[in-house]
Amino acid sequence: MILRLLTTSVQQRIATFPLGKIIARIPAQIPKVPAVQQLRASFSTSCRLAANPVASRAYDINTKVVKDVMLYKYENPRFYRILNIFAITQFLFWGYLSHFAYTTLRDTPVPEGKTDELAWYERINLGENKYRNGIAIMSFVIGYGILFTSWMFTLRSVRFLILRKGGDKVSVVTYGPFGKNRIMEVPLNCISAQESREAARVTIPIKIKNRSFFYVVDKKGEFTNARLYDYTVGMRRNLK
């Protein structure tokens, strides 16, 4: 209290001197610089946002959409058509080879006295049961494996992602082996992205609850609504 009274009396006495009057008029004569005013306004805005953290969150987005919104699309039907044609031809080729090996190879034993004179591959009796059955089974497994892998990759390749009205469900549209789309409606809390859109390099694996294997979102596709995707389908969830 005493210090405040002393300070006030000193300020009043300085103002009575000629030099004190000049100093008192200096702030009023300084022009108002726009840059200074802009800096002051931005500083006050920053203080206001710091006092209200909810208003400063740039990621706040309304996921309760009033109509269906497309989040992602990947148009490349020609690639999957060629892939499935290749898979079918490979299955037919290896299937025919399996049938040919099982029905055509005959048991022709190698003469015992001439085994030393023959090359190693001439000593093998491909018509023997273990070789004939082995070739037939291996050929069928290779053909079926190529077909199964190609079809599963096609069925797990996402073509469209559509957030349904209300924001609680997502329509996952994938390619089909014969050119027809497969549509599946999934609750939003049953879908989990294993990587973020920025971190993934080539594809984004997506897991859907109670579905085997991962669904694949190719980054060559177009994210038509990137922010909405990031905070709906693109989020990692615990599906247990």
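The talk below takes up confidence, annotated spans and salt bridges in turn.

Guide: Start with the source: this is a predicted model. The chain averages a pLDDT of 79, and 70% of the residues score at least 70.

Visitor: Which elements have the lowest and the highest mean pLDDT?

Guide: Helix α4 (residues 53-56) is lowest, with a mean of 40. Strand β2 (residues 158-163) is highest, at 96. Where pLDDT is low, the predicted coordinates should not be read in detail.

Visitor: Which residues does the "transmembrane region" annotation cover?

Guide: The label comes from an unreviewed UniProt entry, which places it on residues 79-97 and 135-155. Such annotations may be inferred rather than shown by experiment. In the model, residues 79-97 are 100% helix and 0% strand, with end C-alpha atoms 27 Å apart. Residues 135-155 are likewise 100% helix and 0% strand, and their end C-alpha atoms lie 30 Å apart.

Visitor: What makes Arg197 and Asp230 a salt bridge?

Guide: The cut-off is 4 Å between a side-chain nitrogen of Lys or Arg and a carboxyl oxygen of Asp or Glu. Arg197 and Asp230 meet at 2.6 Å, N to O. Arg197 sits in the loop between β5 and β6, and Asp230 in helix α7, 33 residues apart. Both Arg197 and Asp230 are buried.

Visitor: Why is Lys73 called partly exposed?

Guide: Buried means under 20% relative accessible area, and exposed means over 50%. Lys73 has 32%, so it falls in between. The side chain of Lys73 forms a salt bridge with Glu222, at 4.0 Å. Glu222 has 44%, so it is partly exposed too. Lys73 is in strand β1 and Glu222 in the loop between β7 and α7, 149 residues apart.

Visitor: Which parts does the pair of Glu185 and Lys169 tie together?

Guide: The closest N and O atoms of Glu185 and Lys169 are 3.8 Å apart, in a salt bridge. Glu185 lies in strand β4 and Lys169 in strand β3, so the pair ties together parts 16 residues apart in sequence. Glu185, at 46%, counts as partly exposed. Lys169, at 40%, does as well.

Visitor: Which residues are linked in a network of salt bridges?

Guide: Asp68, Arg164, Lys169 and Glu185 are linked in one. The structure holds 8 salt bridges.

Conventions
Residues numbered from 1 in each chain as written. Predicted model: local features only at pLDDT ≥ 70, side-chain atom pairs only at ≥ 80, totals over all residues. Heavy atoms only, no water. Helix = DSSP H or I, 4+ residues; strand = E, 2+ residues; numbered from the N terminus. pLDDT = per-residue confidence, 0-100. Buried < 20%, exposed > 50% of the residue type's maximum accessible area, 1.4 Å probe, protein only.
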